[in-house]
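Subject: Handover of a structure and notes on its interior

Dear colleague,

Please find below the structure that I am passing on to you. My notes on what was found in it follow directly after it.

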Amino acid sequence: MNVSHETWSSRFVFLMAAVGSAVGLGNIWRFPYLAGENGGGAFVLVYLLCVALIGLPLIVAELVIGRRAKQSAVGSARTVAREAGASGRWVVVGWLGVVAAFLILSYYSVIGGWLLAYLPMTASGAFTGVEGAAVATRFETFLGDPWGMTLAHALFMAATVLIVARGVRAGIEQGVKIMMPALFAILVLLVAYAAVEGEFVRALSFLFTVDFSRIDTEVVINAIGQAFFSLSVGMGAMITYGAYLQRDTDIPSASVTIAVADTAVAILAGLAIFPIVFEVGLDPSGGPGLLFKSLPYAFGHMPLGAAVGALFFLFGLFAALTSSIALLEIVVSWAEEHRGWKRSHAAALIGAVVFVVGLLTVFSFNILPRIAGLGFLKIYGEDPNVFGLLDLLTNNLILPVGGILIALLVGYVMRPEIVREEYGADPLFGAWWALLRYAVPLAIAVVMVFELARPFFA
Ligand code: TRP
């Protein structure tokens with residue numbers, strides 16, 4: 001296996017790329033609707049704890065593995081295990097990541113397609129003056145049409161493939177540098193609009209008043225799953241990025257930056273969306289359509305709303321693309337390394353297969369809405385459809401298991417001196433080490449066992 005010595009051109013570029021991978025649909029689309037479905041403040045509190053106590057330590061751990069081994073997730077896991085004299089079977093950490101990336105991308109692209117479809121709709125003023133109920137109906141109509149959604153999914157996937165095939169990292173980095181701060185600015189603007197025009201106080205109390213009786217294992221596993229998904233952790237993505245990390249980059253402080261930036265965008269999205277949800281009387285637990293049923297109303301009622309809305313969807317699309325290319329890259333780099341495929345061929349072929357698998361998600365919202373055999377998903381709070389199954393399988397199962405394995409690999413298998421060296425001089429080493437060795441694997445395992453066993457107690 002040849003070792004790559006390529007490094008990021010600067011610390012800032014690394015941070016932009018890592019934040020770009022983390023910030024995406026998980027923040028603006030998934031976080032708000034999960035918070036809505038899982039009791040608002042109860043979910044937000046548990047989510048913040050999961051980010052700080054589980055997600056953040058795992059970002060550090062993944063970067064440690066990557067910078068030590070300087071290879072893909074698959075190669076790096078094997079290398080650090082072998083270096084410590086342990087079994088090469090730890091390579092499974094990398095494999096799980098490749099499978100997760102493939103499955104996540106299949107529905108990620110469909111949702112990315114929703115943003116793509118809403119961009120021209122908003123820009124053309126289709127929502128100007130439209131009432132809340134009609135905005136929601138429009139989304140339902142959109143979901144009911146498999147072909148429009150298929151087209152949008154195809155375009156999103158094609159864009160992802162083109163970028164990965166050419167490997168135009170520089171172009172992406174330049175774009176990200178401008179678009180990410182701009183997305184942040186638009187979110188602040190939307191929060192300001194929501195504060196003035198929407199039911200802001202009610203949204204604040206929904207998001208930040210904690211009803212402790214709402215916290216059960218389902219809420220906790222959903223929060224863990226969301227922390228993994230949103231931070232891009234548990235599937236080797238940060239190992240891959242850590243492989244290009246320079247020696248002088250301080251891993252703990254970079255990890256804190258990634259976690260804080262990602263969380264800030266999620267909270268802002270919540271503060272932009274919920275005041276409108278309450279203003280127009282939408283159901284906060286309405287599911288994956290929440291963003292598309294709430295924000296277009298704001299765009300339809302604020303000055304210059306068509307333009308601001310178009311920019312929001314454009315930058316949201318960009319945030320989604322900087323995540324989807326990372327997802328495809330995980331699979332493509334594996335195919336290059338292990339199958340010897342040419343990069344462009346691998347990107348096109350894998351992209352095509354992901355597109356076809358993604359059709360199941362497209363159809364799960366219309367022509368095959370409920371599948372009897374998937375009825376068990378209801379127990380776990382998911383819709384019994386293909387999208388619900390993939391979502392549950394990846395975020396609430398594969399990523400948390402990946403997280404446990406990564407914690408064990410760094411906490412018990414790798415030699416402590418090596419870990420210490422990569423971690424650097426940061427004084428919080430002891431706290432991180434304890435979290436990683438005890439709290440992280442134990443907390444995830446306990447919650448998963450209870451959640452899986454829940455049907456038997458119910
Ligand atoms: N974090 C991304 C988001 O919030 C989604 C994601 C999950 C991801 N795993 C990833 C992105 C791995 C890149 C690589 O939208």
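The second largest pocket has a lining of 33 residues, and Glu37, Gly286, Gly287, Pro288 and Asp383 are the ones nearest its centre. Two or more lining residues come from each of H2, helix H6 (132-144), H10 and helix H16 (386-413). The space in this second largest pocket amounts to about 550 Å³. By residue class, its lining divides into eleven nonpolar, eleven polar and eleven charged residues. Please bear in mind throughout that this is a predicted model.

Cavities

How many cavities of 30 Å³ or more does a search of the whole structure find? The search finds two.

The largest cavity holds about 170 Å³ of space. Its lining consists of 19 residues, and those nearest the centre are Ser21, Phe229, Ser232, Ser323 and Leu327. At least two lining residues are supplied by each of helix H1 (11-22), helix H2 (25-37), helix H5 (92-123), helix H10 (217-231) and helix H14 (305-339). Of these residues, H14 provides four, which is the largest share. The lining of the largest cavity comprises 13 nonpolar residues, six polar residues and no charged ones.

The second largest cavity holds about 40 Å³ of space. Around it stand Ser72, Ala73, Val74, Val98, Thr240, Ile330, Ser333 and Trp334. Helix H4 (73-83) and H14 are the elements that give two or more residues to this lining. H14 gives the most here, with three residues. The lining of the second largest cavity is made up of five nonpolar and three polar residues, with no charged residue.

Nonpolar core

Which members of the largest nonpolar core touch the most other members? They are Trp114, Phe312 and Trp432, in a core of 176 residues. H14 gives the most to this core, namely 19 residues. H14 also gives the largest share of the lining of the largest cavity and the most to the lining of the second largest cavity.

Neighbours within four places in sequence aside, Phe312 is in contact with Ile28, Leu183, Ile186, Leu187, Leu190, Leu291, Leu295 and Phe299.

Aromatic pairs

The count of aromatic pairs comes to 32. One of them joins Tyr107 and Phe387 in an edge-to-face arrangement, with 5.5 Å centre to centre and 85° between the planes. Because Tyr107 lies in helix H5 and Phe387 in helix H16, this pair ties together parts that are 280 residues apart in sequence. Tyr107 and Phe387 are both buried.

Another pair is formed by Phe139 and Phe142, which are tilted at 40° between the planes, with 6.2 Å centre to centre. Phe139 and Phe142 are three residues apart in helix H6, and so are separated by about one helical turn. Both Phe139 and Phe142 are buried.

Thr394 belongs to helix H16. Is Thr394 buried or exposed? Thr394 counts as buried because its relative accessibility is 0%, the cut-off for buried being under 20%. Not counting residues up to four places away in sequence, Thr394 touches Ala100, Leu103, Ile104, Tyr107, Leu399 and Pro400. Tyr107, listed among these contacts, is also the partner of Phe387 in the edge-to-face pair.

Positive phi angles

Two residues deserve a note on backbone geometry. Lys70 has a positive phi of about 55°, although it is not a glycine. Lys70 is located in the loop between helix H3 (41-69) and H4.

Ser232, which is not a glycine either, has a positive phi of about 55°. Where is Ser232 found? Ser232 sits in the loop between H10 and helix H11 (237-242). With a relative accessibility of 11%, Ser232 counts as buried. Ser232 is also among the lining residues nearest the centre of the largest cavity.

With kind regards

Notes:
Residues are numbered from 1 along each chain as its sequence is written. This is a predicted model: local features need pLDDT of at least 70, side-chain atom pairs count only at pLDDT 80 or more; totals for chains, interfaces and linings use all residues. Side-chain values use heavy atoms; hydrogens and water are left out. On a 1 Å grid over the protein atoms alone, a cavity is a set of points where a 1.4 Å probe fits but cannot get out, and a pocket is an open set with protein on both sides within 12 Å along at least five of seven lines; lining residues have an atom within 4 Å of a point. Grid points are joined across faces, edges and corners, and a volume is the space filled by probe spheres set on the points. Ala, Val, Leu, Ile, Met, Phe, Trp, Tyr, Cys and Pro count as nonpolar, Asp, Glu, Lys and Arg as charged, and the others, Gly among them, as polar. A nonpolar core is a set of buried Ala, Val, Leu, Ile, Met, Phe, Trp, Tyr and Cys residues joined through side-chain atoms within 4.5 Å. Buried means under 20% relative accessible area, exposed over 50%, partly exposed in between (1.4 Å probe, protein chains only). Contact means heavy atoms within 4.5 Å. Rings of Phe, Tyr and Trp (its six-membered ring) pair if their centres lie within 6.5 Å; planes under 30 degrees apart count as stacked, over 60 as edge-to-face and the rest as tilted.
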